[in-house]
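Dear colleague,

I am passing on the structure below, together with some notes on what turned up in it. Please look it over when you have a moment.

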Amino acid sequence: MDWDFGAPSFYRVIQVVDDHIDIMGHTNNVVYVSWLEDVAWGHSQALGLGWDKYTELNRAMVARRHEVDYLAATFNGDTLVMGTWITENDQKISITRRYQLIRPKDGVTALRGCTKWVCVAVDSGRPKRMPPEFVSGYQLTAPV
């Protein structure tokens with residue numbers, strides 16, 4: 001596959017099903033955003049930064065801003081691959097994660113996205129400095 005930033009640091013294979021389809025007959029925009037969150041959370045868990053670690057550290061990463069470019073429609077029955085990369089980490093409070101959604105059967109990139117994530121305290125929801133585990137865990141995988 002023709003990935004924008006080389007092999008993704010994490011990816012998920014996604015099967016488009018009936019529940020993903022909107023009145024226009026293609027995948028609903030809200031579904032794509034849920035896939036961004038799913039692949040980001042899967043990557044965090046793979047890094048050892050799942051909910052147990054978040055609560056132990058009293059820190060979590062929450063979405064501050066999503067940017068999504070819808071480039072091609074996807075349809076019921078499509079198999080897709082969503083890749084993700086961490087492209088910025090200020091090692092203080094925020095990271096930037098990029099995404100690319102490819103349909104392998106024709107190589108089409110259906111979506112490119114970006115999320116700004118902010119570190120917050122779990123108990124208050126207020127922005128807090130990243131603990132060392134986040135600084136080392138959320139390392140750059142594809143600087144832009």
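What follows covers the overall fold and then the aromatic pairs.

Please bear in mind that this is a predicted model. The protein chain holds three helices and five strands, which run from the N terminus in the order β-α-α-β-β-β-β-α. Its radius of gyration is 16 Å, close to the 15 Å that the globule rule gives for 144 residues, so the chain is as compact as a globular protein of that length. The C-alpha trace spans about 45 × 30 × 20 Å along its principal axes, and buried residues account for 42% of the 144 residues. Of the contacts between residues at least 6 apart in sequence, 71% join residues at least 24 apart.

Turning to the aromatic side chains, the count comes to eight aromatic pairs. In one of them, W51 and Y54, the ring centres lie 6.3 Å apart and the planes stand at 55 degrees, so the pair is tilted. These two residues are three apart in helix α2 (residues 51-57), and are thus separated by about one helical turn; W51 is partly exposed, at 47% relative accessible area, whereas Y54 is buried at 3%.

The pair of F134 and Y138 is edge-to-face, with 5.5 Å from centre to centre and 85 degrees between the planes. F134 is buried at 0% relative accessibility, and Y138 is likewise buried at 1%.

Terms used. Residues are numbered from 1 along each chain as its sequence is written. This is a predicted model: local features need pLDDT of at least 70, side-chain atom pairs count only at pLDDT 80 or more; totals for chains, interfaces and linings use all residues. Side-chain values use heavy atoms; hydrogens and water are left out. Rings of Phe, Tyr and Trp (its six-membered ring) pair if their centres lie within 6.5 Å; planes under 30 degrees apart count as stacked, over 60 as edge-to-face and the rest as tilted. Helices (H or I, at least four residues) and strands (E, at least two) are DSSP runs, numbered from the N terminus. Buried means under 20% relative accessible area, exposed over 50%, partly exposed in between (1.4 Å probe, protein chains only). The radius of gyration is taken over C-alpha atoms; the globule rule is 2.2 Å times the number of residues to the power 0.38. Contact means heavy atoms within 4.5 Å.
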